[in-house]
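Visitor: I am new here. Show me the structure, and let me ask how its labels were reached.

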Amino acid sequence: MNIKVLGVGCANCKRLHQMVLHVLKQEGMIATVDYITDLVKISEYGLMKTPGLVINNQVVLSGRVPTMDEVKVLIQNHFER
Amino acid sequence: MRWHVIVNVWNWLNDQLLRMKWLEELVHWLMSHVIGLEEESALFHSLAYFVYDTVKIFILLSTLIFIASYLTSALTPERTQAILGKVRGLPANIIGALLGTVTPFCSCSSIPIFIGFTKAGIPVGVTFSFLISSPLVDLASVILLASIFNWNIALAYVGVGLLMAVLGGSLITVFKMERYVEGFVFANPTTAAVQMEEVPLTKKERLQFASRQVKDIIRRVWLFILIGVGIGAVIHGYIPEAWITSVLGSQNIFSVPLAVLVGVPMYADIFGTLPIAQALVSKGVGIGTVLSFMMAVTALSFPSMVMLSKVIKPKLLAFFVGFITFSIILIGYLFNLFGWLFV
């Protein structure tokens, strides 16, 4: 599984990145996590609001910092497939 | 007769809810009777100003952001993009500027929005109208302006802010400056299809969105506000009026460019600049000079220029910065000349 956190370096984006790492560790799940700040790459996802969360190349969330539980559910949903 | 009653009710609402006269009286009473400060001392003025302004701004800001976010929660950048895609020419610039004032988004999203709009085929000039007006004018700041100054000044501020956004964007279109946008911005999305489905928000989700916005914005701006109110309080209590007016007063014809020069590199939310503005006006600085300062701080900043430089070429960036600086200075002089109409 590959997870990408898209952000331009604002506090919210960093927070989301930390949350993803925290959830993975807590749940003992293994995934590669990329923190992407490059505008060219971010624009390729057509994202208009940061931060964005991309799991297996699919945008699952954008424009807000979710709760820890939301992150967990989002990751689990994609983990099972 | 009935008109008279309406005016009275309106004035009362304005004084108590917007200006919070009761709070000012309460703070003054606490300062002199409970803490025992001398009513005419500099410390009394500074401290009273600090406490009253901080409490007032936080109460107003939280309430206003909540209401504004609830009302505008349905207006996502995606929807704004869809609306803008349907109009052309000058109306597009006008609608872009207006939407900029009500579409809620964090300033760090402005570049992704710029890229998204451009990819969707919206003219660069229209996007600029949107991006110029959005930090400058928003629902909460207009009402705060009315609270601190008065409605005439608040509405005049909105008017010139929108005018600047429409004109700036239109000039970009007229001079075909979209050629100064970096090439990758026009490229089509290459990686995986993206757009999540837009589901209409339920009432509960809108309320959640609104309270999240309040938390997010307060978390982002509280320090700016405290610093702003702090500076305002020092100006209010300790800095002699003659001193300020000699630098920023009407005798100094360079007061407006000076205020802009100081304001441009500063990075703060409009909410942090309001208390400074208020203190300056109370010390006799012209309303135009103060508005110029506020606009310079909010419309232009180093971080935003650095971000913009990643998507537009130096020529367009120079035009953007130059146009805004020039307009703000012009607005400052005009308000200083005709400001008596608004007070």
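Guide: Start with a rule for angles: over 145 degrees counts as roughly antiparallel. Keep in mind that this is a predicted model.

Visitor: Why are H3(B) and H10(B) called roughly antiparallel to each other?

Guide: Helix H3 (residues 42-72) of chain B packs with H10(B) at an angle of about 160°. The cut-off is over 145 degrees. Therefore H3(B) and H10(B) count as roughly antiparallel. Their axes are 8 Å apart.

Visitor: What is the hand of the crossing of H3(B) and H10(B)?

Guide: The crossing of H3(B) and H10(B) is right-handed.

Visitor: How many nonpolar, polar and charged residues does the contact of H3(B) with H10(B) have?

Guide: The contact has 19 nonpolar, eleven polar and two charged residues.

Visitor: Now chain A. What is the order of the four strands in the open sheet?

Guide: The order is S2-S1-S3-S4 in chain A, and the pairing is mixed.

Visitor: What makes strand S2 (32-36) and strand S4 (58-62) of chain A edge strands?

Guide: Strands S2 and S4 of chain A each pair on one side only. Neighbouring strands in this sheet are turned by 20° against each other on average, direction ignored.

Visitor: Which helix packs on the sheet?

Guide: Helix H1 (residues 11-27) of chain A does, touching strand S1 (2-6), S2 and S3 of chain A. The direction of H1 makes about 160° with that of S1(A).

Visitor: In what sense do strand S3 (residues 52-55) of chain A and S4(A) pair?

Guide: S3 and S4 of chain A pair in the antiparallel sense, over four bridges. Take Leu53(A): its bridge partner in S4(A) is Leu61(A).

Visitor: How do you know whether Asn57(A) is buried or exposed?

Guide: Count the other C-beta atoms within 10 Å: Asn57(A) has 12. Exposed means 12 or fewer. So Asn57(A) is exposed.

Visitor: What about the phi of Lys176(B)?

Guide: Lys176(B) has a positive phi of about 50°, although it is not a glycine. Lys176(B) is found in the loop between helix H9 (151-174) and helix H10 (203-237) of chain B.

Visitor: Is Lys176(B) buried or exposed?

Guide: Lys176(B) has 10 other C-beta atoms within 10 Å. The cut-off for exposed is 12 or fewer, so Lys176(B) is exposed.

How values were computed. Residues numbered from 1 in each chain as written. Chains lettered and ligands numbered in written order. Predicted model: local features only at pLDDT ≥ 70, side-chain atom pairs only at ≥ 80, totals over all residues. Pairing = 2+ DSSP bridges. Helix = DSSP H or I, 4+ residues; strand = E, 2+ residues; numbered from the N terminus. Axes fitted to C-alpha atoms, helices over the stretch in contact; angles between N-to-C directions. Contact = placed C-beta atoms within 7 Å. Buried ≥ 20, exposed ≤ 12 C-beta atoms within 10 Å, placed from the backbone. Parallel < 35°, antiparallel > 145°, perpendicular 65-115°, else oblique. Left-handed = near helix turned anticlockwise from the far one by under 90°. Nonpolar A, V, L, I, M, F, W, Y, C, P; charged D, E, K, R; others polar.
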